[in-house]
Amino acid sequence: MTRSPKASGTPTLGAFTAGQLVRLCDVAGLGASDAEVYARILLEALGPAAARPLDLAPPSASFLSDDHTPVEFSLAFQPDAPPTLRVLLEPGAGAGGPAESGRAGLRFLRAMAHRWHFATDRLDELEDLFLPSSPQGAFALWCALELRPGGVPKVKVYLNPAASGQNRSAETVREALRRLGHRRAYKTLPSADRHLFFALDLGDWEEPRVKVYLAHQDLTAAEASGLSRVGGRAEQAEIQAFFRTATGYDAGDERGAGPARRPVQSCHAFTGTADGRASGFTLYVPVRDYVRHDGDALERAVSVLGDHGVDAGPLAAAVAAVTSRRPQDGTGLVAYLALAHQRGRPPRVTVYLSSEAYRVRPPAGTSRERVPVAG
Ligand code: TRP
């Protein structure tokens with residue numbers, strides 16, 4: 001399955017990303033038969049785009065990753081357990097504009113729901129808000145799969161609050177929360193610069209969540225920890241330490257994003273509807289915009305993992321599963337670092353790894369056009 005070359009010698013998008021996925025499954029302790037099932041699902045999600053040789057342009061200008069690969073991997077780490085592998089996808093990338101992409105996404109999700117016997121009613125209730133006939137914005141529907149042993153993934157769907165207009169995104173999020181029974185949730189959200197994503201857990205979850213993602217320009221560490229409505233002082237201190245390490249800002253008063261840097265993001269998860277309080281908080285640092293190259297980004301990832309008592313060995317193995325280039329030869333392999341607090345659970349550190357199927361961004365301060373992608 002790894003990079004089965006076409007006659008031209010160029011792998012296809014599907015073969016390249018499925019190869020990465022299969023190698024990552026091994027790192028995450030998944031067996032070969034699970035890996036094979038998950039690779040097939042990845043190809044199914046990509047649809048016709050899977051067969052595109054990588055020497056053609058990306059199937060669409062997908063906003064999912066910097067080089068427009070419609071696939072991104074992430075590993076969620078907790079102490080004393082192998083990391084959990086997840087894959088974020090744009091189903092039917094290249095199907096056309098956002099309307100076609102949204103429809104392809106819905107078709108894929110419904111096929112998965114049928115196969116694994118889960119309901120999509122919560123998503124169906126929101127269709128007019130997020131998937132109108134001509135949706136606006138940078139994407140319509142993404143899907144993430146959490147790859148568990150057994151070949152049945154947990155499924156998450158990501159929708160665009162700007163689908164019914166950027167100027168209506170706050171109202172869209174408020175209305176979506178209301179329809180799902182979270183009547184008081186909107187008021188508990190911190191102020192932010194933008195609503196980025198609205199996400200739902202679908203399928204077999206103990207406590208399916210509804211999640212709202214917000215962008216925050218120019219944060220300090222203290223402001224970042226102040227965004228959380230989950231946990232107490234200990235968690236706040238962890239968030240501040242994480243923010244400083246991930247951004248590379250040591251001084252407490254230095255701001256975490258200039259105009260040229262992607263904003264730090266927060267995610268607020270809601271489960272029970274009783275009190276409107278969030279049950280989960282995650283802070284995302286787009287570390288690729290805060291480093292010279294991936295050597296720095298990986299150092300920071302290792303340091304954050306160490307702070308949380310997690311062995312960084314699997315991270316090195318995951319990097320080797322995704323690319324054979326040296327970390328210092330590019331920026332953006334490590335797209336995000338995240339710290340998640342969920343009520344009643346130990347904190348989780350998440351590392352997002354780009355596929356870089358199409359392009360490697362050169363290290364900061366170099367003018368080299370392109371680092372060749374191995375393979
Ligand atoms: N590529 C987009 C970004 O960097 C969206 C995205 C992909 C994203 N993976 C993510 C956002 C993980 C937050 C966390 O913003």
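Helices (H or I, at least four residues) and strands (E, at least two) are, throughout these legends, DSSP runs numbered from the N terminus. This is a predicted model, in which local features need pLDDT of at least 70 and side-chain atom pairs count only at pLDDT 80 or more, while totals for chains, interfaces and linings use all residues. Residues are numbered from 1 along each chain as its sequence is written, and side-chain values use heavy atoms, with hydrogens and water left out.

**View A. Arg209 in the loop between strand 5 and strand 6.**
Arg209 lies in the loop that runs between strand 5 (194-202) and strand 6 (210-216). With a relative accessibility of 10%, Arg209 counts as buried, where buried means under 20% relative accessible area, exposed means over 50%, and partly exposed is in between (1.4 Å probe, protein chains only). The side chain of Arg209 is joined to that of Asp201 by a polar contact of 2.6 Å; such a contact is a pair of N or O atoms within 3.5 Å, and within protein one atom must be able to donate a hydrogen and the other to accept it, with residues adjacent in sequence counting only if both atoms are side-chain atoms. Once neighbours within four places in sequence are left aside, the residues in contact with Arg209 include Arg122, Lys156, Phe270 and Gln342, contact being defined as heavy atoms within 4.5 Å.

**View B. The residues around the ligand.**
The ligand is surrounded by Phe63, Leu64, Ser65, Glu72, Leu88, Trp142, Phe197, Gln265, Tyr284, Arg288, Tyr336 and Tyr352, a residue being near a molecule or strand if one of its heavy atoms lies within 4 Å of it. This shell divides into eight nonpolar, two polar and two charged residues, under a scheme in which Ala, Val, Leu, Ile, Met, Phe, Trp, Tyr, Cys and Pro count as nonpolar, Asp, Glu, Lys and Arg as charged, and the others, Gly among them, as polar. A backbone N or O atom of Phe63 lies 2.8 Å from a nitrogen atom of the ligand, and for Leu64 a backbone N or O atom is placed 2.9 Å from a ligand nitrogen atom. From the side chain of Arg288, a polar atom lies 2.6 Å from an oxygen atom of the ligand. Taken alone the ligand exposes 360 Å², and the protein buries 93% of that, with accessible areas coming from the Shrake-Rupley method with a 1.4 Å probe and, for residues, only the protein chains shown counting as cover.

**View C. Strand 8 and its partners.**
Six of the six residues of strand 8 are buried, so this strand is largely enclosed by the rest of the structure. Strand 7 (residues 264-270) pairs with strand 8 in the antiparallel sense over five bridges, two strands being paired if DSSP finds at least two bridges between them. Within this pairing, Ala269 has Gly280 of strand 8 as its bridge partner.

Nine of the nine residues of strand 9 (residues 334-342) are buried, so strand 9 is largely enclosed by the rest of the structure. Strand 9 pairs with strand 10 (residues 348-354) in the antiparallel sense over six bridges, and Ala338 stands opposite Thr350 of strand 10. The two strands form a hairpin with five residues between them, and in the turn Gly344 has a positive phi of about 85°. In the segment after strand 10, Glu356 has a positive phi of about 55° although it is not a glycine, and at 4% relative accessibility Glu356 counts as buried.

**View E. Arg110 in helix 3.**
Arg110 has its place in helix 3 (residues 98-116), and at 34% relative accessibility Arg110 counts as partly exposed. Not counting residues up to four places away in sequence, Arg110 touches Thr120, Asp124 and Glu127, and its side chain makes a polar contact of 3.0 Å with the side chain of Glu127.
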